[in-house]
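Work through the exercises below with the structure open. Each task is followed by a worked solution.

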Amino acid sequence: MIRESYKQKSENELVKTSLEGDKQAFGEIVSRYQNMVARTVKGMLGDSVFSEDIGQDVFIKLFHSLSDFRGEAKLSTYIQKIAINLTLNEIKRRKRFFSTFSQKGNNEMYEFEVTDNETEEKREASEIVGKALMSLDPKFRIIVAMRMLQGYSTKETAEILDLPLGTVLSRLSRAQEQMKNILRKL
Amino acid sequence: MKIPELKDLILRSLDKDSDPEKESAMLEEAGVTWKFSEGFHEKVLDTIFSAGDTVVRKIEFVRNLNSVFYRIALTGVAAIVLLMISIFVIQGSISLDSFLGLGDSYDESIVYLLTGN
């Protein structure tokens, strides 16, 4: 019953009550956006336990920076930016780690958690997209993840990533070329 | 969805003239979606709010420590003031010697007290 009343609240109301220490209000924010964050983080990093940790960090960072949210942009955009920043930091960290300690590429980090009720076809689809994304250059991967997994338009992607529209368009076209080659091999 | 169809859909979704929302929904329908594991929501809230409790407990501890410190400090200052007043009343003046309890003693008597000669 109480949970239902939180579902009716607007983003700004939830932010305000979360700032007052209301656990359920922040819980509602997590419920609303956890799938969006999962698509970004897992799309960029792969479906591994590390992605779950980054996902957690996204919401922890959001909680601590809620007072900075002025409500000028959508809360989803604000969360998406945090998710992208943390994911890119993790990619950089992995690159450093692998270049220092291992010859293996970071694609090795990719694991699939297959749930029992997933059909073989769906599992395969998810695996192909996951592998294709992980083979893309990270600067293209983020553009593709935003568009393909989140359904953002080019303009929205440019806004979220703070990039000029032309840059997003040219990266998208290059990503498409790279993706063609990758998919041919899969 | 068959694999060749899926590959087509992936490439189509990257076309600048495509409708990303529609293509993304189609991919999701085909099984291309990722979710966090069960219990993610609870884990996040527990991490955030148990850390919050720790912060509150720390603040309370510091606040209590401050009030205890002030009480001890005030008692100490009051004791020193009383001691100085009593010294002034007994000795008629306040000096380092009287403060150390040597106000009435002559040098010889101190030597006698220390050496026994």
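Predicted model: local features only at pLDDT ≥ 70, side-chain atom pairs only at ≥ 80, totals over all residues.

**Exercise 1. Determine what shape helix 3 of chain A takes along its length, and what follows its end.**

Step 1. Compare length with span. Helix 3 of chain A has 23 residues, and its end C-alpha atoms are only 29 Å apart. A straight helix would reach 33 Å at 1.5 Å a residue, so helix 3 of chain A falls short.

Step 2. Look for a bend. Helix 3 of chain A has a kink of about 50°.

Step 3. Inspect the residue after the helix. Gly46(A) follows helix 3 of chain A, and its phi is positive, near 100°.

**Exercise 2. Describe how helix 2 of chain A packs on helix 3 of chain A.**

Step 1. Take the geometry. Helix 2 of chain A spans residues 11–19. It packs against helix 3 of chain A at an angle of about 135°, with the axes 7 Å apart.

Step 2. Classify the angle. Over 145 degrees would count as roughly antiparallel, and 65 to 115 as roughly perpendicular. Helix 2 of chain A is therefore oblique to helix 3 of chain A.

Step 3. Assign the hand. The crossing of these two helices is left-handed.

Step 4. List the partners. From helix 2 of chain A come Leu14(A), Thr17(A) and Ser18(A). They meet Ala25(A), Phe26(A), Glu28(A) and Ile29(A) of helix 3 of chain A. By class, the contact has four nonpolar, two polar and one charged residues.

**Exercise 3. Repeat the analysis for helix 7 and helix 8 of chain A.**

Step 1. Helix 7 of chain A covers residues 138–149, and helix 8 of chain A covers 154–161. Their packing angle is about 130°, and their axes lie 10 Å apart.

Step 2. Helix 7 and helix 8 of chain A are therefore oblique to each other. Their crossing is right-handed.

Step 3. Ile142(A), Ile143(A), Met146(A) and Arg147(A) of helix 7 meet Thr157(A), Ile160(A) and Leu161(A) of helix 8. This contact divides into five nonpolar, one polar and one charged residues.

**Exercise 4. Which helix of chain A gives the largest share of the side that touches chain B?**

Step 1. Count the contact. In chain A, 45 residues are in contact with 31 residues of chain B.

Step 2. Find the contributors. Helices 3, 4, 6, 7 and 9 of chain A each supply at least two residues.

Step 3. Helix 3 of chain A gives the largest share, 11 residues.

Step 4. Sort by class. The side of chain A that touches chain B has 19 nonpolar, 14 polar and 12 charged residues.

Methods. Residues numbered from 1 in each chain as written. Chains lettered and ligands numbered in written order. Axes fitted to C-alpha atoms, helices over the stretch in contact; angles between N-to-C directions. Helix = DSSP H or I, 4+ residues; strand = E, 2+ residues; numbered from the N terminus. Parallel < 35°, antiparallel > 145°, perpendicular 65-115°, else oblique. Left-handed = near helix turned anticlockwise from the far one by under 90°. Contact = placed C-beta atoms within 7 Å. Nonpolar A, V, L, I, M, F, W, Y, C, P; charged D, E, K, R; others polar. Bend = angle between axes of the 7 residues up to and from the residue.
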